[in-house]
Each structure stands twice: as structure tokens, then as C-alpha cells.
Amino acid sequence: MRSCAAPKGWEERLPRISQLRELLGAKTRRAYIVGGAVRDLLLGRPVGEIDVEVYDIAPEEFATLVEAAGAKGMGRSFFVYRWHEVDLSLPRRERKVASGHRGFAVWLESDEMAAARRRDFTVNALMLGLFDGVVRDYYGGLEDLAARRLRYVDRETFAEDSLRVLRGVQFAARLGFTIDPATLELCRQIDLSDLSKERIYGELVKLARGHDLALGIWYLWVTGAAQKLWGREWSCKEVRSLMRQAAAVQKFEHPRSHLFLFWLLCRQGRIGLARCHQVVGFSNADLRELTRQLARPKHITRRFLAALATTMPLKEWFGHTQASMQLAKELGWWDQTLCVGATSAQAKALGLEGRAIGAYIKQIKRDALRRIDKG
């Protein structure tokens with residue numbers, strides 16, 4: 001085991017450290033912050049929620065202790081409780097016994113190294129002592145962190161959870177890490193057909209919001225995830241095109257910027273919206289937004305841009321060319337919605353009722369767009 005001291009001031013960067021020590025200190029001195037919080041702390045990244053693994057307490061005593069403090073059971077069969085922004089759990093081992101993410105047999109573990117073995121990547125298997133501030137590394141995570149590399153902890157346990165393929169892809173995008181060749185080869189061998197739409201969507205949203213979207217798209221390809229999920233085998237030329245566009249529009253100012261990845265996959269990656277929806281399971285709002293974003297004519301005219309600008313500021317549209325972007329800015333539709341047409345109140349003032357109101361408003365809008373088109 002390797003070890004190192006936590007960075008100076010680490011306690012101020014993690015929530016509720018003093019309360020956790022007070023809560024657990026009378027029962028055990030073996031309590032560790034685990035998972036992504038330790039990784040992000042060492043990388044100097046922002047740390048939000050934390051996971052704490054608590055040793056040397058029986059399940060019944062643990063449940064009584066944390067529930068008295070106000071914690072709620074999240075997965076009691078996995079000994080996990082939620083306390084404010086902290087997940088408290090007992091150390092465990094897992095073995096795959098059935099399909100799906102709930103198909104694991106679970107039992108308690110008192111050995112730290114054995115408990116850390118169930119983690120996905122070595123950089124997520126680091127353990128920070130809640131009471132002594134020492135980072136414990138049983139699987140080479142510190143070395144991999146310095147090399148900015150994702151490497152599986154254990155080949156057997158990694159392959160038991162197929163979601164770890166997508167987790168590797170989104171971690172690469174979020175952290176700017178490479179995936180170790182042996183881990184990459186294992187990812188290519190893992191079947192993804194047991195993943196639910198919700199789990200796929202969750203990981204792809206994290207990927208879309210990552211630091212390096214282009215790198216994430218690269219790993220969707222080289223892990224075989226794109227082909228397994230959507231049956232689409234991209235060529236090297238297509239992947240380079242996807243990566244270039246992802247890099248160019250990475251910082252798109254859009255209220256639902258995660259949809260850019262799905263837009264990119266549907267349009268540039270030639271995955272139909274219906275097929276993408278079948279695998280990912282968009283919400284109705286996401287589906288409507290993607291349908292609108294994908295509506296791009298062969299030639300982008302002033303009238304098309306004007307019609308689109310009545311629904312959103314054009315800076316939020318993903319389908320721009322350099323020429324259309326410039327035109328939208330020149331016409332003043334880049335930062336604000338274009339207001340054309342009449343209102344219901346105006347139609348009613350003319351004595352219109354029912355469907356006649358909608359027809360009147362549409363006609364006024366068409367006339368306005370026609371005038372804009374003639375310029």
C-alpha cells in the first residue's frame with residue numbers, strides 16, 4: 001500500500017467534516033472518504049457530494065446511529081444512507097448474480113483493500129482517512145492520477161457492471177484522462193445490452209458536460225460503445241469530423257447544452273432521432289427540443305432564421321454555419337427572440353373567437369416572415 005498526506009486545507013474543501021467526526025468518532029476511528037471526492041480533492045477540482053465508508057460497526061448499530069442523526073436509507077440492502085450531501089455506507093464486496101444493475105449479491109467486508117477492489121478505476125479507489133488525513137492507495141491510483149490515466153482496479157469485478165464502459169468514457173471527457181490500453185480492450189469485450197435507458201442517458205449527459213467532449217466522442221468509438229448502443233460503425237473520417245465539430249461548439253450557450261451531444265450524434269453521426277430516442281429515452285421536452293434543433297434546410301435563408309428566431313435566440317441553435325451565424329448577428333437575432341405577429345388580446349379586440357384567433361395570429365406571422373424574407 002502507498003500513502004500520502006491529503007492536500008493542505010482539505011477539511012475546508014469537504015462538507016461536514018467536523019460533524020462527521022463527531023457522529024462517528026465514539027464508535028470507530030476507521031472511517032474513510034472514498035470515490036470521486038478523493039480523486040477531485042487531489043486534482044484540485046471542485047468537490048461536491050462525498051461518500052464515507054465506515055468500518056467496525058455492525059449493520060444494526062450503524063443504522064440506529066445514522067438514522068438518529070437524520071440519515072435516510074438509500075439502498076439498505078447495500079448498507080447506504082443519505083445524510084445531507086454525504087452518503088454513509090458500510091464497506092462491502094459484491095458479486096454479479098443476475099442481469100441488471102441490481103443483480104448483485106452483497107456482503108460486508110472488514111478489509112480495506114478487499115473493499116476497495118469493487119471500485120471501477122484505480123483513481124476512484126483511493127481512501128482518505130476521516131480522522132488522520134492520510135490517503136491510502138492499494139491499487140496504484142496515485143500513479144495513475146499523476147499520469148492522468150484510467151485503469152481498472154480488477155478485471156473480473158470491472159466486467160461485472162457494464163455501465164463502467166460508459167463511466168470510463170464520461171470520466172475521460174470530464175477529466176481529460178486517457179484510458180489504459182488493457183482497460184480499453186476489456187471495455188470492447190463488454191456487452192451493453194443490459195443497460196437501461198435511464199442509466200445510458202445519465203452517463204451520456206455527464207459526458208456531454210465534460211471538459212473535452214471531443215475526447216469523449218473518440219472513446220465512444222474506440223470502446224465500441226457507439227456501435228453497441230446504436231448499431232452505427234463510424235469510419236475514422238466520420239469520427240474526426242465529429243470531434244472537430246464537438247471541439248468547435250463545446251462552449252455553446254444553451255439552456256440544455258447536454259442536447260448538443262445528441263444533436264451531434266443524430267446529425268453528424270448519422271444516428272436517426274428515433275433510434276437515438278429508442279436507446280436513450282429522452283423526456284418529452286428533450287425530444288421536442290431535438291426535433292426543433294435538427295430541422296435544418298439545405299439552404300439556410302433569412303426567412304428560416306427569422307422563423308427560428310421567433311422560438312429562441314439564435315445563439316441557442318446548434319445547426320449554424322459560419323455564414324448563418326454572421327447573418328443572425330447582423331440582423332440582431334443572435335441574443336434575443338424575434339417578436340413578430342399579433343397577440344391573442346389583439347385578435348380578441350377585433351372580435352375574433354375560438355380557432356379564428358389562432359388562424360389570425362399565424363397569418364400575421366406568415367406575412368411578417370414573408371416581408372423579412374424579401375428583406
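I take a salt bridge to be a side-chain nitrogen of Lys or Arg within 4 Å of a carboxyl oxygen of Asp or Glu. The model I am reading is a predicted one.

**Entry: salt bridges.** I looked up Glu-85 and found a salt bridge to Arg-16, with the closest N and O atoms 2.6 Å apart. Glu-85 sits in the loop between β5 and β6 and Arg-16 in the loop between α1 and α2, so the pair ties together parts 69 residues apart in sequence. Glu-85 is partly exposed at 27% relative accessible area. Arg-16 is partly exposed too, at 28%.

Next I checked Arg-45, which meets Asp-40 in a salt bridge (3.2 Å, N to O). Here Asp-40 is buried, with a relative accessible area of 8%, while Arg-45 counts as partly exposed at 26%. By this rule I count 26 salt bridges.

**Entry: helix α4.** I went through residues 59-68. Phe-62, Ala-63, Leu-65 and Val-66 are buried. They cover an arc of only 165 degrees around the axis, which puts them on the same side of α4. On the other side, Glu-60, Thr-64 and Ala-68 are exposed. What do the buried residues of α4 pack against? I found α2, β3, β5 and β6. Just after α4, Gly-70 takes a positive phi of about 105 degrees.

**Entry: cores.** I found 92 residues in the largest nonpolar core. Ile-33, Val-52, Trp-230 and Phe-262 have the most contacts inside it. A second, separate core has 12 residues, among them Leu-308 and Trp-334.

Terms used: Residues numbered from 1 in each chain as written. Predicted model: local features only at pLDDT ≥ 70, side-chain atom pairs only at ≥ 80, totals over all residues. Heavy atoms only, no water. Core = buried A, V, L, I, M, F, W, Y, C linked by side-chain atoms within 4.5 Å. Buried < 20%, exposed > 50% of the residue type's maximum accessible area, 1.4 Å probe, protein only. Helix = DSSP H or I, 4+ residues; strand = E, 2+ residues; numbered from the N terminus. Arc of directions from axis to C-beta. Contact = heavy atoms within 4.5 Å.
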